[in-house]
Amino acid sequence: MSTSKRSTVALITGGNRGLGKSMALHLAERGVGVVITYRGNAAEAADVVKEIEAKGGKAAALALDVANTRGFDAFVEAVKAELGGKLGRDRLDFLVNNAGIGAHASFAETTEEQFDALVNVHLKGTFFLTQKLLPLISDGGRILNISSGLARLTLPGYAAYAAMKGGVEVLTRYLAKELGPRKISVNVLAPGAIETDFGGGAVRDNAELNKMIAAQTALGRVGLPDDIGGAVAMLLSPESHWITGQRIEASGGQML
Ligand code: NAD
């Protein structure tokens with residue numbers, strides 16, 4: 001574990017597995033303390049904390065349902081308690097809005113329930129969780145929202161999901177403008193297709209789909225969680241502080 005002069009802390013929603021877990025490991029590797037959240041799988045989250053602590057890093061895990069705004073006040077108090085405890089910091093330096101769910105349905109067949117679930121997790125959750133956490137984020141801090149290549153690419157079956165991510169991309173620009181006076185930079189990272197449990201693990205487990213995406217990708221394969229964890233650590237590094245209000249795609253050049 002590298003020793004950093006900065007004593008910084010990141011909050012990553014949905015950090016028990018997939019992209020969020022890789023982000024947590026990459027940031028911890030650079031000496032950043034991490035608070036990860038999990039929705040249901042406390043054991044998975046505890047394993048990530050153990051893995052970071054075993055390498056000399058600082059980490060904590062908290063339960064959070066980003067679709068339940070009524071739980072946000074209690075969550076903010078829990079974050080404060082963790083910061084004042086083993087993280088040893090009174091502010092958050094980085095917030096990564098990563099938690100997300102997928103849904104595959106044509107526009108004609110998308111149900112109101114599917115739409116509501118997506119809007120609550122991706123758009124309403126990101127909007128109001130960030131609002132609630134704002135007083136805890138240090139001046140000069142960073143917010144990184146996670147979008148999707150599908151907000152640029154147009155693939156049948158993702159109208160609702162991609163529309164939410166499009167909303168997150170517009171929100172990012174507004175946050176960058178409104179939080180600029182506090183020197184908080186806000187960007188959005190759009191991963192291409194990555195091998196995780198997302199969407200039932202289809203990109204990882206469906207060999208035909210995996211091959212098809214790889215063939216449409218400039219760098220010749222689908223993405224792996226570390227491709228995104230590394231990109232997030234880079235975007236939250238001190239050297240990138242002047243980048244704000246931007247959409248950065250990490251897709252290996254998918255469907256350019
Ligand atoms: P994943 O399914 O492996 O992990 C999703 C994470 O979000 C989990 O930790 C889960 O607990 C959490 N989560 C889901 N609903 C939640 C809720 N209501 N409250 C709190 N946490 C919740 O998927 P992933 O691939 O790691 O996806 C992470 C993010 O990346 C998502 O926002 C997703 O939309 C985005 N993304 C994924 C891909 C991909 O191909 N995997 C591509 C582009 C964008």
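## Strand S4 and its partners

S1 and S4 pair in the parallel sense over 3 bridges. Two strands count as paired if DSSP finds at least two bridges between them. Helices (H or I, at least four residues) and strands (E, at least two) are DSSP runs, numbered from the N terminus. This is a predicted model: local features need pLDDT of at least 70, side-chain atom pairs count only at pLDDT 80 or more, and totals for chains, interfaces and linings use all residues. Residues are numbered from 1 along each chain as its sequence is written, and side-chain values use heavy atoms, with hydrogens and water left out.

Ala10 stands opposite Phe94 in S4. S4 is also joined to S5, by 5 bridges, and these two run parallel. Here Val96 has Leu144 in S5 as its bridge partner. Of the 6 residues of S4, 6 are buried, so the strand is largely enclosed by the rest of the structure. Buried means under 20% relative accessible area, exposed over 50%, partly exposed in between (1.4 Å probe, protein chains only).

The open sheet has 7 strands, in the order S3-S2-S1-S4-S5-S6-S7, with parallel pairing. Strand S3 (59-63) and strand S7 (247-250) stand at the edges with a single partner strand each, so one side of each has no neighbour in the sheet. Neighbouring strands are turned by 20° against each other on average, direction ignored.

Val188 stands opposite Arg247 in S7.

## Helices against the sheet

Helix H1 (residues 18-29) lies across S1, S2, S4, S5 and S6, at about 175° to S1. Helix H5 (residues 159-179) lies across S5, S6 and S7, at about 160° to S6. Axes are lines fitted to C-alpha atoms, for helices over the stretch in contact (heavy atoms within 4.5 Å). Angles run from 0 to 180 degrees between N-to-C directions.

Helix H8 (residues 225-235) has buried residues including Ile228, Val232 and Leu235. The buried residues of H8 pack against H1, S4, S5, S6 and S7.

## The second largest pocket

The second largest pocket holds about 210 Å³ of space. Its lining includes Arg142, Lys183, His241 and Trp242. Strand S5 (residues 137-146) gives the largest share, 3 residues.

A pocket is an open set of points on a 1 Å grid over the protein atoms alone, where a 1.4 Å probe fits, with protein on both sides within 12 Å along at least five of seven lines; lining residues have an atom within 4 Å of a point. Volume is the space filled by probe spheres set on the points.
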